[in-house]
Amino acid sequence: MTTTEIAPARAGESAEQPKPRRHANPWKRRAPLLPALLFTIAVTQIPFLVTVFYSFQSWNLVRPGSQHFVGFQNYVDVFADSTFRGAMLNTVVLTVVCVFVSMALGLGLALLLDRKFTGRGVVRTLIITPFLILPAAGALLWKTTMFDPVYGLLNFVLGTDIDWLSEFPLGSVMAQVVWQWTPFMTLLILAGLQAQSKEVLEAAQVDGAGRWRTFASITLPQLSRYLQLAALLGAIYIVNSFDAIYLMTQGGPGTASTNLPFYIYQRAFEGFDVGQSSAMGVIVVILTLIVATFTLRLMFRTFDVSGGVK
Amino acid sequence: MRLGRISLTAFTWLVAILFVFPVIWMVLTSFKTEADAYTDPPRLFFSPTLEQFAGVFERGFLPYLANSAFVTVVSTLAVLVLAIPAAYALSIAPVKGTSNVLGFFLSTKMLPIVAAIIPLYVISQNVQLLDNVWALNILYTAMNLPLAVWMMRSFFLEVPKEMIEAARVDGAKLPTLLYKVVLPVVAPGIAATALICVIFSWTEFFYAVNLTAARAGTVPVFLSGFITSEGLYWAQLSAAALLASLPVMIIGWIAQNHLVRGLSMGAVK
């Protein structure tokens, strides 16, 4: 079937066969689900609720006994904090730029891979490898062997003499993040390219559509759902970027490359300010939920939840 | 036309090699002496040595490696034990509100982990799980469970309905049904799901660096020790990075056909 078929959100239920009476006890059906569900609720929801609770407390770990209820004061303080606003801006820049650049590169690589050529399997293996390097290892290697002002490869290749991490801290971090996430985008987009029906493409060729025309009016529209999914999933991962910043710049110089996860970490584990860092955590969750809502809708509506995209 | 194809292939190869070059450079550097690692211009040819690898183990790499292996295996097994029945109850014998449950699982994956780290730290401290591998086991299980449920479900849905019905008509009980009909079809899916979970557990950094230290530290924590060491040892760092990444690199290469399915939580095959 064509992959443009849109499955209703309730596909999972409508696919259900009429059941004989012996399954009348719903708890029997729920039993296999419950352990996973209860475990997930306990481990993921409880800490978050505690975070919400902490966010209304003034509590600094270096002042024992300082814990008391302060209402929305932490939120007021957080929004008045220019570093927080800077970190928020950096988070948005980092996420948007990295998603777009890695998607553009991923699209290019996927197009190169979407044809038969000598050693295609090897090339694909090479291209996914940066994703399989430990992010911590990747960050440290870029910081040293690539970006080092004296012995780094980048300055050698470009013939420059730039201290990348001091002069372009956020850009350097983004380069590493893009490098790490491009394979992810490539794989998703490649799957989209390969899902195209060969007949339609051939028909377009027979009808005399040029290569660019075929790409623009057949491939791209069909690919758009894959691109959206790649962008949203990528954004969810990249918004949480921590490894690269922690290991490459420590958010610096100053706060030039501090994003929200790193700032919250700093306030919590270096400033010991439980209340304010919790308030920031809550804000991040609310912002993420906005992106997440779109993703959830996309996963359910555009993709056939009952069967996946073939 | 033919020439165009050859040059496009050459271009593709060139791009791929450039793209993966930092990895190639890591491998080369790991076989250098520190003196060879710091040269201007960078040295492509040198007499290789294994001293860096020996140095990594002298630095105490093994306990971290053991912690990583333990946490990865235990959390992956736990994920499978929880996810397989759950996926079954969301596909072959779907419960009411299946899409809500699926939505819930997915939404937990979107909750920024940084928002939960403070209570997790405080709780771990109170129950004596700070710098304990079991804290990571629990968290990694929760981290990978939604992904595994979604992914396993997409494999379960591939079991032909007719096969299940036929077995039911023949009077097969549930365990027989699962073992004889469902399992053979989904076995590759279970393997693929396990591999994806292994990759994510092995590479996880944020929980590990905040909740563990010398006793329960995993491989990424070992690596982060290199930023504080005085003057960076590039060659040794490269050797450590290579050793740390090799298990997931091999697994990822093996599982590359399933990688996209895992990364999209089963949405894309």
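Predicted model: local features only at pLDDT ≥ 70, side-chain atom pairs only at ≥ 80, totals over all residues.
Local features here need pLDDT of at least 70 and side-chain atom pairs count only at pLDDT 80 or more, while totals for chains, interfaces and linings use all residues. Residues are numbered from 1 along each chain as its sequence is written, and chains are lettered from A and ligands numbered from 1 in the order in which they are written.

Chain A first. There are 15 helices and two strands in chain A, taken as DSSP runs (helices H or I, at least four residues; strands E, at least two) numbered from the N terminus. Of the 310 residues in chain A, 43% are buried, meaning 20 or more other C-beta atoms, placed from the backbone, lie within 10 Å of the residue's own.

UniProt, in an unreviewed entry, puts "domain: ABC transmembrane type-1" at residues 88-295 of chain A; such annotations may be inferred rather than shown by experiment. That span is 78% helix and 0% strand, and its end C-alpha atoms lie 21 Å apart.

Next, the interface. Contact means C-beta atoms, placed from the backbone, within 7 Å. On that basis 87 residues of chain B touch 88 residues of chain A. The chain B side has 65 nonpolar, 19 polar and three charged residues; nonpolar covers Ala, Val, Leu, Ile, Met, Phe, Trp, Tyr, Cys and Pro, charged covers Asp, Glu, Lys and Arg, and the others, Gly among them, are polar.

Last, a helix pair in chain B. Helix α5 (residues 61-89) and helix α8 (residues 133-156) of chain B pack at about 40°, axes 7 Å apart, with axes fitted to C-alpha atoms over the stretch in contact and angles running from 0 to 180 degrees between N-to-C directions. The contact of α5(B) with α8(B) involves 20 nonpolar, five polar and one charged residue.

Note on methods:
Contact = placed C-beta atoms within 7 Å. Buried ≥ 20, exposed ≤ 12 C-beta atoms within 10 Å, placed from the backbone.
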